[in-house]
Each structure stands twice: as C-alpha cells, then as structure tokens.
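Dear colleague,

Please find below the structure that I am handing over to you, together with its sequence. My findings follow directly after it.

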Amino acid sequence: MYAIIDLETTGGQPAQDRITEIAIYIHDGEKVVDEYSTLLNPGRPIPFFITQLTGISDEMVREAPKFHEVARKVVEMTEGCVFVAHNVRFDYSFLKKEFADLGYNYSRKTLCTVRLSRSLMPGQPSYSLGKLCQNIGIPLEGRHRAGGDAAATAILFGRLLKISQQEEALVAPGLSPADTLAAVDATAPSGRQTANAKAPAPRKIKAVQEAIRTALLPPNITPEKVASLPQEAGVYYFHNEQGEVIYVGKSINIYKRIQQHFAVDYKSRKSLEFKNSISDITWDLTGSELVALLYESHEIKRLKPLYNRAQRRSVFPAGIFMRVDENGYKHLYYGKADDHAESHPLIALGNQYKAKGFLFHKVAKFNLCQKLCDLYKTTGSCFDYQVHRCKGACIGLEPADEYNQRVEAAIESFTYEHGSFVVIGQGRNESEKSLVVVENGRYVGFGYVDETFTARRFPDFKDAVKRYNDNKDVQQIIRQYLRTKHKDKVKVFS
C-alpha cells in the first residue's frame, strides 16, 4: 500500500514553518482506494507570498482544524503504507516535525516520484511536478494546492507502476499488478524469496523497491555510486551538473561520512537545494587523517565551493581570545568561536570545556590573574590574590606592563612545543608513509614517501613534501591534531 501525500506550508523550513493543507491518496498498486484532504490552521499568519502562490489565506484557515486534531487520522490512513511524494524529503520532513512537536515519532518508508521518474522515464526536460505532468499529459488542476498536486502525483505514480510492470514484458504471468508488487515486497534482502512470494520479482518492478531504498539519496546520485566510495581517509568533492565543485569535505572513512550526509532529512530549503544539486562525487585518498584535514582546508580556500562558504560551521567551535581593558591590562578569556566572529582566536579548541581547562592550566603556569581571565567572577580581588598567588593585577596593584609580559609569555606557549618537526603517519597504501613538515613554527607542506625512506636530516624531509601555504587555519589544525590521541610518529629537530 502507498500513501501519496502532498502538503502546503507557510514556508520551506520545518523547524519554524507549519502545514496549511494536507492531502492523502491511498493507492493499492492498481488504483486509488481512499483519499482525504483538509485545510489546517497553522496557528500563525500565512506570508503574503505564500498566499499568492497557493491561494490559501488566513481567512480560509481560521476555522480549519489544527494539526493535532487530524494527527490520528493521518497515522491511521498511512499505517503500513510507503510514504510517496514528489520530492519526498520536503513533505516527509514537515510531517515528522509536526508529529515530533506532539511527542510522537512518525516513521514510514519513503518513495520519491522525482527519483522514480528519472529512473523509469529518462530524458524528460524537467522533473518538476508541473512541467513533468504537462510533458506526459497528466491533468493538474489546482497547482500548488495539496489536493490537486496529490491527485496528479497519484496519476503519475500509477503510470510509473505500469511502466515498471509492462516494460520488456517482465510482468509475471497470471498475476495482477498488486500481486506482482506483493511478490516484490516479499523478496528477502538476500535475493531469495520468502514462502509467501508468488513469483520471481520482475527486474523492472524492482525500480519501485529501489526508489524506496534510495529515497534519501540526491536525485542524480545512484546507489552504485555510493557503493563505490572508499572506506578510507581522504577528501571528497560534491559536483553539480556542470561539474563545478560545490562542497569539499574530509573523513577518515569517506563512505560512512557521505552516507551520513545523505541519511539526513534536510529541513531548510537551502539544505534541500544543496542536496538536490549534487550530481557527482569524486575523492582524493590521503591515508593520514592529519593530511585529510590539511588538504581539505587547502582545497576549500582554492576552490571556494558555494556550500562551504554558505555554512556557518567551525572545525574548532571554541577558543582562547584576548582583549585589553581601559587600564591597559590584557585579558585572556575563553568562548565560542561563533560569538567572536570579528576576532580570530589565539588558539582554537574542540569545545568550551577544553578551552576552560586549557586556560586554567595557563593561569597556573604563568601566574596570571583568574579574574582577568574571566575564571573568577568578583568585583574585588580574585581568590588567588587572597592566598598570595596573584600579584594584584585584579585590583590594580601590579602594573599593567609587568602583568602583560606574563600574558605574552603565555600566548607564546600556545604555539608548537617544538620549532621544527615532522609528523610521520599512514600513507595511501601499505608501501608508503605520509609526511607533514613544520619548520621554525611554520607549516611547510605534506607529501608521501616509500616505506623504506630513512632520511635523518631535516632538509631531506623538506625535499620530500609538496609546499603548501602556511596560515592560521592550518596552524590550528596541526596544534589541535597533536593534542589528540594519534598513532603518528613525531620526529623533532633542534
């Protein structure tokens, strides 16, 4: 059974928008056997541009039921059905969010008629519902209304089922379309049929099952492409239809990371546009996690991908910052990187808990004032002054220039423990090793050498790597990586 659903909403983001109309058509594999539609009161004003698009106004929904009043009806009608929609991620995400707000976990298998149409009707100039229906002769009355769009999607779905059943005469003889689909549904994951299966599942009908299985993949990405992804460390690239790189990422397991990308029900319109624009995936293996981090940073700066620029995400969400007060004292303090977008952290750290611990350590080591480091909230002297560990900068007894010298010494300690060193890690295969070279505190670059490479002089390591630009980002990446538990060897040079 299939529940063909269309929604109209107050906007494109399930986290903040609400449903204004829902239509459900129940399809048994042969025909529509039940239907339901209603306007819904979203509990908020409908934006003017939405009213222009759908024709649904505040006045029309004023006396309409709220979602919680029809939730049981939706659950009962769709129970045991595959959730079918044209761009299923949009409608399914909205329904899941509405149910989640009621404390209910709504979960159904999904099928996208956009993806199924691409598979069974290749070569169409457009797969948007309006243009596709126009091109193949499906009447669409009430465009951008849930009832009209759902009715057209139901007709489209019926045609797709017929194509999948009739093409190449692969329909099992003596079975109705519904029985044939039941045979497909009864097919075990291993490919062997269960005892209830009436006949081998036709190859073309498996397109329906494949569409269910791959509903969350971008429309232009095939399961075969995903299966070909390496389960190794490296940098991966998402390309659009023109071949342009629109996103760069990295992972110690490219296959698993990209599966995580595609397993998400994207909620915002921007996120859906991103996912739907992915047409190809390429990658470069690095072997080393550190090299993957460094190369990703380099490639983002070089290619400036659209969706890397758009996202407001930091690899290091917390850090240590500095400000100077009106009396000339330098204050170190920890905080979220996003809260201090106007200033770059002196050092970036994995989270605020780590940043606070790091700062406490530096306060003790360099005899800094807890109050001036925002670690002791008081209007008077800090606790350390009371036990004679602070020299009184917190109450103006220690001159600012003397105190600031220790602050500068603490900041200098934020850099690498050693001036020149090489990080020797895993290569792209068993016969090579990766090298990351830092000279006098500056990043030189990375490269790969044969496992028999036994250089002892620092210039030999420098000659073995490709040069890359040194910048604050790579400095942060290397420092952060060296603080984590890793299996790489660090060779230090004086």
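A residue is called buried here when its relative accessible area is under 20%. With a relative accessible area of 7%, Tyr-92 is therefore buried. Please bear in mind throughout that this is a predicted model.

**The chain as a whole**

The chain has 494 residues, of which 50% count as buried. Its secondary structure consists of 19 helices and 16 strands. Of the contacts between residues at least 6 apart in sequence, 60% join residues at least 24 apart.

**Aromatic pairs**

The whole structure contains 23 aromatic pairs. One of them is formed by Tyr-92 and Tyr-106; this pair is tilted, with 6.4 Å from centre to centre and 50° between the planes. Tyr-92 belongs to helix α4 (residues 88-101), whereas Tyr-106 lies in the loop between α4 and β5 (110-112), so the pair ties together parts that are 14 residues apart in sequence. Tyr-106 is buried as well, its relative accessible area being 0%. Both tyrosines also belong to a cluster linked by ring pairs, which includes Phe-67, Phe-83, Phe-99 and Tyr-104.

Helix α11 spans residues 254-263, and its buried residues are Ile-254, Ile-258, His-261 and Phe-262. Viewed down the axis of α11, these buried residues fall within an arc of 90°, so they line one face of the helix. The exposed residues Lys-256 and Ala-263 are carried on the face of α11 turned away from its buried side. At the start of α11, a side-chain oxygen of Asn-253 comes to within 3.3 Å of the backbone nitrogen of Tyr-255.

Lys-275 is part of helix α12 (residues 269-276). Lys-275 is buried, with a relative accessible area of 1%, and its side chain reaches the backbone oxygen of Phe-262 at 2.9 Å. Phe-262 is itself among the buried residues of α11.

**Charges over rings**

Two arginines deserve mention here. The charged end of Arg-323 sits over the ring of Tyr-333, 4.9 Å from the ring centre. Arg-428 lies over the face of Tyr-448, at 3.8 Å from the centre of that ring.

With kind regards

Methods: Residues are numbered from 1 along each chain as its sequence is written. This is a predicted model: local features need pLDDT of at least 70, side-chain atom pairs count only at pLDDT 80 or more; totals for chains, interfaces and linings use all residues. Side-chain values use heavy atoms; hydrogens and water are left out. Buried means under 20% relative accessible area, exposed over 50%, partly exposed in between (1.4 Å probe, protein chains only). Helices (H or I, at least four residues) and strands (E, at least two) are DSSP runs, numbered from the N terminus. The arc is that of the directions from the helix axis to the C-beta atoms. A polar contact is a pair of N or O atoms within 3.5 Å; within protein, one must be able to donate a hydrogen and the other to accept it, and residues adjacent in sequence count only if both atoms are side-chain atoms. Contact means heavy atoms within 4.5 Å. Rings of Phe, Tyr and Trp (its six-membered ring) pair if their centres lie within 6.5 Å; planes under 30 degrees apart count as stacked, over 60 as edge-to-face and the rest as tilted. A charge sits over a ring if NZ of Lys or CZ of Arg is within 6 Å of the ring centre and within 35 degrees of the ring normal.
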